[in-house]
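Work through the exercises below with the sequence and the structure in view. Try each task before reading its solution.

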Amino acid sequence: MYKNKKGFTLIELLAVIVILGILLAISTVAVNSIRKSQEKENRRNTISGILTGARRYVSDNNSLLKDKASINVSDIVDGNYADLDTNEYSDIYKGNVIISICENNTNKVKYSYTDNDTTYNDCGCEEQQSGSTSSELCTE
């Protein structure tokens with residue numbers, strides 16, 4: 001009587017749906033983790049671009065080192081010293097870049113940006129190690 005049976009039973013269909021649900025849950029967690037780390041890396045790259053723009057801004061305006069210890073980020077972006085998208089991370093562009101002379105070498109300058117209790121700087125005061133550059137972004 002059941003030899004010509006066609007199709008799936010209800011149990012088989014439920015098993016497939018459960019397996020697909022588990023795979024979807026696992027992939028959602030993995031994608032969210034990757035997206036958060038990418039967002040963090042994009043933010044670091046934006047801040048690195050701001051610090052690079054600050055170095056250019058100071059090199060064109062040497063008197064800034066004597067007159068003030070910070071630069072408004074909007075001055076850097078508006079002056080075309082950093083080519084950055086101001087729509088993304090608009091909170092970053094309201095901040096300041098702090099300029100300080102290095103304690104161990106008065107010929108070097110360090111540029112820092114503080115964001116949510118995290119300070120990013122361009123490692124300008126640290127001694128260069130082999131294979132590293134002073135433009136890499138450090139976090140204190």
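## Exercises on a predicted model

The chain in this predicted model exposes about 10,100 Å², and carbon and sulfur atoms supply 52% of that area.

**Exercise 1.** Describe the secondary structure of the chain and its order along the sequence.

Solution. Begin with the count: the chain has 3 helices and 5 strands. Next, read along the sequence, where the pattern is α-α-β-α-β-β-β-β. Then turn to burial: 28% of the 140 residues count as buried. Last, take the contacts between residues at least 6 apart in sequence; 42% of them join residues at least 24 apart.

**Exercise 2.** Examine residues 13–34, for which UniProt has a feature.

Solution. First, look up the record: an unreviewed UniProt entry places the feature "transmembrane region" at these residues, 13–34. Second, check the model over residues 13–34: the span is 100% helix and 0% strand. Third, take the ends of the span, whose C-alpha atoms lie 32 Å apart.

**Exercise 3.** Find the residues that make the nonpolar surface patch, and decide whether Val-16 is buried, partly exposed or exposed.

Solution. The patch is made by Val-16, Ile-19, Leu-20 and Leu-23, and its area is about 390 Å². Val-16 itself is found in helix 1, which covers residues 10–60. The relative accessibility of Val-16 is 46%.

**Exercise 4.** Which residues touch the most other members of the largest nonpolar core, and which elements give two or more residues to it?

Solution. The core has 20 residues; Ile-50, Ile-71, Val-73, Ile-76, Val-97, Tyr-111 and Tyr-113 touch the most other members. Two or more residues come from each of helix 1, helix 3 (73–78), strand 2 (96–101) and strand 3 (109–115). Helix 1 gives the most, with 6 residues. In soluble globular proteins, nonpolar side chains tend to be buried together.

**Exercise 5.** Is Tyr-113 buried or exposed, and what does Tyr-113 touch?

Solution. Locate Tyr-113 in strand 3. Its relative accessible area is 3%, so Tyr-113 is buried, the cut-off being under 20%. Leaving out residues up to four places away in sequence, the contacts of Tyr-113 include Ile-47, Leu-51, Val-73, Val-97 and Tyr-120. Ser-70 is 43 residues from Tyr-113 along the chain, and their C-alpha atoms are separated by 9.6 Å.

For Tyr-111, with residues up to four places away again not counted, the contacts include Leu-51, Ala-54, Val-97 and Tyr-120.

Key. Residues are numbered from 1 along each chain as its sequence is written. This is a predicted model: local features need pLDDT of at least 70, side-chain atom pairs count only at pLDDT 80 or more; totals for chains, interfaces and linings use all residues. Side-chain values use heavy atoms; hydrogens and water are left out. Patches are made of residues with over 30% relative accessible area and no salt bridge: like charges are joined within 9 Å, nonpolar side chains (Val, Leu, Ile, Met, Phe, Trp, Tyr) within 5 Å. Accessible areas come from the Shrake-Rupley method with a 1.4 Å probe; for residues, only the protein chains shown count as cover. A salt bridge is a side-chain nitrogen of Lys or Arg within 4 Å of a carboxyl oxygen of Asp or Glu. Helices (H or I, at least four residues) and strands (E, at least two) are DSSP runs, numbered from the N terminus. Buried means under 20% relative accessible area, exposed over 50%, partly exposed in between (1.4 Å probe, protein chains only). A nonpolar core is a set of buried Ala, Val, Leu, Ile, Met, Phe, Trp, Tyr and Cys residues joined through side-chain atoms within 4.5 Å. Contact means heavy atoms within 4.5 Å. UniProt positions are given in the numbering used here, feature names are shortened, and annotations may be inferred rather than shown by experiment.
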